[in-house]
Amino acid sequence: MSSASAKGDVTRLPQALDPAVLASMVSPAFLLDNKILPLAMTADLFSVAMPPPIDHGLVEALEMAVGRRVSAVEQDAKAVTQGLERLFAGDKSVLQKIVEDLAPENPDEDVDRLKDLASEAPVVRLVSHLIEEAIRSRASDIHIEPYPDRLAVRLRIDGMLRDQPSPPVSLARAVVSRIKILANLNIAERRLPQDGRVAQAVLGHALDLRVSTVPTVHGESVVIRLLDQSAGIRPLAELGLRPADEELLKQLTALPNGMVLVTGPTGSGKTTTLYTALQLIDAGSRKVLTIEDPVEYHMARVNQIQVKPQIGLSFANILRSIVRQDPDVIMVGEMRDYETADIAVHAALTGHLVLSTLHTNSAAGAITRLIDMGVEPFLLTSTLRAVIGQRLVRTLCPHCKRGCPACGQTGYLGRIGLFEVMPMTDAIRDLTLAKASAEEIDQAARAGGMISLKEDGMSKVRAGLTSQEEVRRVVELS
């Protein structure tokens, strides 16, 4: 007869519990699949830990397999998984244990067979394992890349890619097909890029997974963007702005009209800064509309619109329509072309506060970039209120600052922003009208008190937040 108690202690996993002996009685794949962690075994009792609630039917099946009474105790799912990894880490990784149950893929399989293979329990566990590992590692993206001799898996953690254990290359199409099924993509289409999304709860995190596939010469490459909805939007104090710049941002978001831009390369945290800025706005008294691609975080009392170019729902088309929705604040995810920039500038000119991003290397470069796109300089002098340039640098691990398990032996844990905030002064307006270079505008901004990205980075080095090497990597110190 089985029994259960309220809480288990996975720290008491005995060394004497031989995984080989255990495997002769019950399949490791069965234990991994059902998250059953062996704790102790005697001649007549087998103690295990399981995530709540205890499945008594599963316990009875286990009793039949081991020929002993099973005592099952509740334990956190993450702790059970970590315990299983420790138990079976002797000769093979958890990943290897999972793929043992998989049949090799036939490259000539038809779609139905591929769909069946992708739905088999081992493949499902394998993909779930990859996502769970990404969550545990605080990864923002999972990269799955096929090569002739291996299926490479890499995680982007704190902006840097790290190699992970590789599944057999023979499983490439099964793994990709499983991910496609999750994201409602066409598994039969391997010649064209596809994009999809899926909402999942993983290890207590509410995730929005953005899936992108592209065909390569060796198969389909997949990138999964992990958006943790449960993490929420970062508060202003955590961005890394200087106190004076925090106060300036609060003043800018309180303006009734004008345009505020955030600039930087891809992955520099621009959208995060925009979301934080939106949090400073009272959406109860002001109507806030956003145009995004994609909508990364859902905000209360904010009207968020997802761009869909395939049906003509572009940034410019949406922006042209929402100015008739009587908004007070408009957030445009990115200014990609003249049409979008022109409409945004005119929206700022006619009484709206417009927040947006632009791909430039510096705050000063935003002005020359907009002029190059075709925006008239006199319109910029009338509407542009400030430009915020930014980068992200890794912060030193508080546990070691050299390398430990907490930071994956890198010495860094988490990231913080480097900022340069350039208000639109009279001097910069004159230079804008004269179509001056970005270098001239930058010099005028720094003469007016702007702290550059380099200077902000070095101040964070002196504060012990990051390293000089990390700042140099990001802003190319001279």
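Me: Before we get to volumes, what counts as a pocket here?
Reply: A pocket is an open set of grid points with protein on both sides within 12 Å along at least five of seven lines, and its volume is the space filled by probe spheres set on the points. Keep in mind that the model is a predicted one.

Me: OK, what volume does the second largest pocket have?
Reply: The second largest pocket has a volume of about 450 Å³.

Me: Which residues lie nearest its centre, and how many line it?
Reply: The lining of the second largest pocket is made up of 16 residues, and those nearest the centre are Asn361, Ser362, Glu420, Leu453 and Val475. The elements giving two or more residues to that lining are helix H16 (438-447), helix H17 (453-462) and helix H18 (468-475).

Me: Which element gives the most?
Reply: That is H16, which gives 4 residues to the lining of the second largest pocket.

Me: And how does the lining split by class?
Reply: The lining of the second largest pocket has 8 charged residues, together with 5 nonpolar and 3 polar ones.

Me: Back to H16, then: which of its residues are buried?
Reply: Ala438, Ile441, Asp442 and Ala445 are the buried residues in H16. Seen down the helix axis, the buried residues of H16 fall within an arc of 100°, so they line one face of the helix.

Me: Why would residues spaced like that point the same way?
Reply: An α-helix has 3.6 residues a turn, so residues three or four places apart point the same way.

Me: What's on the other side, and what covers the buried face?
Reply: On the other side of H16, Glu439, Gln443 and Ala447 are exposed, while the cover over the buried residues of H16 includes helix H13 (365-373), strand E17 (412-423) and helix H15 (426-433).

Me: What about the backbone around that helix?
Reply: Just after H16, glycine 449 takes a positive phi of about 110°. In the loop between H15 and H16 there is lysine 435, whose phi is also positive, at about 55°, although it is not a glycine. Lysine 435 counts as exposed because its relative accessible area is 56%, and the cut-off for exposed is over 50%.

Me: New topic: which peptide bonds are cis?
Reply: One of them joins proline 52 and proline 53, with omega about -5°, and proline 53 lies in the loop between strand E3 (45-50) and helix H3 (56-66). Another runs from aspartate 293 to proline 294, with omega near 0°, and proline 294 lies in the loop between strand E12 (288-292) and strand E13 (303-306). For context, most peptide bonds are trans.

Me: And serine 467, is that buried or exposed?
Reply: Serine 467 counts as buried because its relative accessibility is 10%, where buried means under 20%. Serine 467 is found in the loop between H17 and H18, and, leaving aside residues up to four places away in sequence, it touches Leu396, Tyr412 and Val461.

Me: Last one, what does the whole chain look like?
Reply: The protein chain has 18 helices and 17 strands, and 50% of its 478 residues count as buried. Among contacts between residues at least 6 apart in sequence, 61% join residues at least 24 apart. The accessible surface of the protein chain comes to about 21900 Å², and 51% of that belongs to carbon and sulfur atoms.

Definitions and conventions. Residues are numbered from 1 along each chain as its sequence is written. This is a predicted model: local features need pLDDT of at least 70, side-chain atom pairs count only at pLDDT 80 or more; totals for chains, interfaces and linings use all residues. Side-chain values use heavy atoms; hydrogens and water are left out. On a 1 Å grid over the protein atoms alone, a cavity is a set of points where a 1.4 Å probe fits but cannot get out, and a pocket is an open set with protein on both sides within 12 Å along at least five of seven lines; lining residues have an atom within 4 Å of a point. Ala, Val, Leu, Ile, Met, Phe, Trp, Tyr, Cys and Pro count as nonpolar, Asp, Glu, Lys and Arg as charged, and the others, Gly among them, as polar. Buried means under 20% relative accessible area, exposed over 50%, partly exposed in between (1.4 Å probe, protein chains only). The arc is that of the directions from the helix axis to the C-beta atoms. Contact means heavy atoms within 4.5 Å. Accessible areas come from the Shrake-Rupley method with a 1.4 Å probe; for residues, only the protein chains shown count as cover.
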